[in-house]
Amino acid sequence: MGIKRNRIVVKVGTSTLTNEIGNSNIRRLEELVMELSDIQNMGNEIILVSSGAIAIGAQKMHLDGKPVELRMKQAAAAVGQCENMFLYDKFFGYYNKTVAQILLNEDDIRDEEKKENLVNTFETLLDQGIIPVVNENDSVSYNEIESDEKIFGDNDMLSAVVAVLCHADKLVILSDIDGFYDKDPRLSKNAKLISRIETIDESTYKLAGGAGSRRGTGGMRTKLQAADIATSQGIDVIVTNGSNTKALYDIVEGKKVGTLFVAHKA
Ligand code: ADP
């Protein structure tokens, strides 16, 4: 019997990649990179969708808190993206892995020709055993940073779009919380984790609170939207806590972790 090769998209949010004072969470990053490298060594294909550029850039530029002005956000994104890729390149390099940067905006996915080229690029990188690291192209497109109607919403939606484009088997969204609860646990102490969700409908959306943590931006709503898109295309989605990256091994083995949004059968 052949080994089942899983193609896994892993999304990490700003709150997983940075610590309380907005600096890079180097230990977390190192653990994540080690586990992803190991999971790739086990015969799986990995695509990493990583946010955090603006926060890291702001810190590197010694700005006072998160930038407010658009041009400052875009400048911080340019600086932070460079720093993020430098760290990924270095840490993955320890495990003899090669990473590639892919920066996207909406047009790249809407335009059929660009989309086809993009899929070919992903397939070629994965064939070569390279780990694509994907982010929104925040220094160029301003929609995502500024708009209330965020298409990608702190990369949750971007990760779902990438998972669909690449025909992934699983999408793992690492958050600052253990999974999806029956109410926002930041507001209700008695909130209960829902470990399995078969259908996402209006009643599910009602359980998700507002915009999310101070460092994250998407909140649970954009994770539900992402899960909706990916599960409808036959991709299992797992939302779990990025503070325990070891859970990635359990996810690969199909064990119960966080909240599983079950893929719809074709
Ligand atoms: P990240 O970028 O790390 O994913 P977000 O702040 O975007 O973090 O999203 C996670 C946050 O969503 C949680 O910290 C929580 O406060 C909030 N939230 C709102 N409703 C829910 C819910 N029903 N279950 C879990 N978390 C929820």
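**Exposed loops, salt bridges and a cavity**

His62 is exposed, because its relative accessibility is 71%. In this classification, buried means under 20% relative accessible area, exposed means over 50%, and partly exposed covers the range in between, with a 1.4 Å probe and protein chains only. The model is predicted, and local features therefore need pLDDT of at least 70, side-chain atom pairs count only at pLDDT 80 or more, and totals for chains, interfaces and linings use all residues. Residues are numbered from 1 along each chain as its sequence is written, and side-chain values use heavy atoms, with hydrogens and water left out.

His62 is placed in the loop between helix H3 (53-60) and H4. Helices (H or I, at least four residues) and strands (E, at least two) are DSSP runs, numbered from the N terminus. The phi angle of His62 is near 55°, a positive value in a residue other than glycine. A positive phi, of about 50°, is also found at His167, which is not a glycine either. His167 belongs to the loop between H8 and strand S5 (170-175), just after H8. With a relative accessible area of 64%, His167 counts as exposed.

The C-alpha atom of Leu158 is separated by 9.1 Å from that of Glu106, a residue 52 positions away along the chain. Glu106 is part of helix H5 (residues 106-110). Glu106 is classed as buried because its relative accessible area is 13%.

On the surface, Met34, Tyr94 and Tyr95 form a nonpolar patch with about 300 Å² of accessible area together. Patches are made of residues with over 30% relative accessible area and no salt bridge; like charges are joined within 9 Å, and nonpolar side chains (Val, Leu, Ile, Met, Phe, Trp, Tyr) within 5 Å. The areas come from the Shrake-Rupley method with a 1.4 Å probe, and for residues only the protein chains shown count as cover. Tyr94 is exposed, with a relative accessible area of 54%.

On a 1 Å grid over the protein atoms alone, a cavity is a set of points where a 1.4 Å probe fits but cannot get out, and lining residues have an atom within 4 Å of a point. Grid points are joined across faces, edges and corners, and a volume is the space filled by probe spheres set on the points. In the whole structure the search finds one cavity of 30 Å³ or more. The largest cavity holds about 30 Å³ of space. Its lining consists of Ile8, Val10, Leu36, Ile39, Ile46, Val172, Leu248, Ile251 and Val252. Two or more lining residues come from each of strand S1 (7-12), helix H2 (26-41) and helix H11 (247-252). H11 supplies the largest share, three residues. The lining of the largest cavity divides into nine nonpolar residues, no polar and no charged. For this division, Ala, Val, Leu, Ile, Met, Phe, Trp, Tyr, Cys and Pro count as nonpolar, Asp, Glu, Lys and Arg as charged, and the others, Gly among them, as polar.

Salt bridges were counted where a side-chain nitrogen of Lys or Arg is within 4 Å of a carboxyl oxygen of Asp or Glu. The count comes to 14 salt bridges. In one of the pairs, Arg7 and Glu123, the closest N and O atoms are 2.8 Å apart. Arg7 lies in strand S1 and Glu123 in helix H6 (residues 112-127), so the pair ties together parts that are 116 residues apart in sequence. Arg7 is buried, at 10% relative accessibility, whereas Glu123 is partly exposed, at 25%.

Lys255 takes part in a salt bridge with Asp250 (3.8 Å, N to O). Lys255 also forms a salt bridge with Glu253, where the closest N and O atoms are 3.0 Å apart. Lys255 is partly exposed at 48% relative accessibility. Asp250 is partly exposed at 28%, and Glu253 is partly exposed at 49%. Elsewhere, salt bridges that share partners join Arg7, Glu45 and Glu123 into one network.

Conventions. 1 Å grid on protein atoms, 1.4 Å probe; cavity = no way out; pocket = protein on both sides within 12 Å on 5 of 7 lines; lining within 4 Å.
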